[in-house]
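Here is a friendly note to read alongside the model.

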Amino acid sequence: LQLNSVFEYLELRFDHRVRILGISMYSFCLIIYLPAVLYVPSLAFSQVTGVPVYVVTPIISTICIFYTTFGGLKAVLWTDTLQNVFTLAAMIFVLMTGCMRLGGIREVWNVNQQGHRLELFNMDPDPFARNTFWTTFFGYLFMHLTNLAVNPAAIQRYLSVPTLRQARWTVFYTGVGFYIIMNLTTFLGLVLYARYHGCDPVAAGVIKTHSQLVLMYVTEIGKSYPGLAGLFLSGVLSAALSSVSS
């Protein structure tokens, strides 16, 4: 069809009003989503360097706008690749060092199991239950179907490859990437619980909000590994730039 976006397809399939509706809904979602994406790395950077959040946020936005405007989709794809490498490297290194300090993966697992943080196969059919197999399965199923199948940023990437076969492989690799990231972040949560299950840093007044917990932990273990905090911070900033540029 030689289309440039999913919104053009909506107009061809239905009419101009549906296209405008789709654009409006997607724009509204981005207005809600992007500030949160920018706030998290800005908070982390501010906590490490002391630079105010309101100063860091415009800088990150300007950098992203600059290379996206002048480099186009090619720049976005290359920077996304490099940024994802930094993000994965930082996450894996933090998890490895965290597990070693806590006594290994088995110890992390046991602490979370004793604290009733693992509900892997809770088959309760109640849709109002907080964590069950069904709510998690269907929730993530529709979320990732949205991200992979109809998200305009994903569609734009599929359209950038020359053949349908390559587009299918793009979907596959993206799905694998989502799976890896979700598992790594979930395990990071287990590591954090294993470390702080006996003392809540927020309740103790060490930090103000739980959003600062990850960086506090990285800073703590980074005392034994020079450069770790910087690596993790670069990973967080890379993830933010990747999300915003998309």
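1. Helices here are DSSP runs of H or I with at least four residues, strands are E runs of at least two, and both are numbered from the N terminus. Please keep in mind that this is a predicted model, where local features need pLDDT of at least 70, side-chain atom pairs count only at pLDDT 80 or more, and totals for chains, interfaces and linings use all residues. Residues are numbered from 1 along each chain as its sequence is written, and side-chain values use heavy atoms, leaving out hydrogens and water.

2. Residues 132-150 are 95% helix and 0% strand, with their end C-alpha atoms 27 Å apart. For the protein chain, the secondary structure comes to nine helices and zero strands.

3. Now look at His144, which sits in helix 5. Is His144 buried or exposed? His144 is buried, with a relative accessible area of 18%; buried means under 20%, exposed over 50%, and partly exposed in between, using a 1.4 Å probe and protein chains only. Apart from neighbours within four places in sequence, His144 is in contact (heavy atoms within 4.5 Å) with Phe178 and Met182.

4. His116 belongs to the loop between helix 4 (105-114) and helix 5 (133-150). His116 is exposed, at a relative accessible area of 65%. Although not a glycine, His116 has a positive phi of about 60 degrees.

5. The C-alpha trace spans about 60 × 50 × 30 Å along its principal axes.
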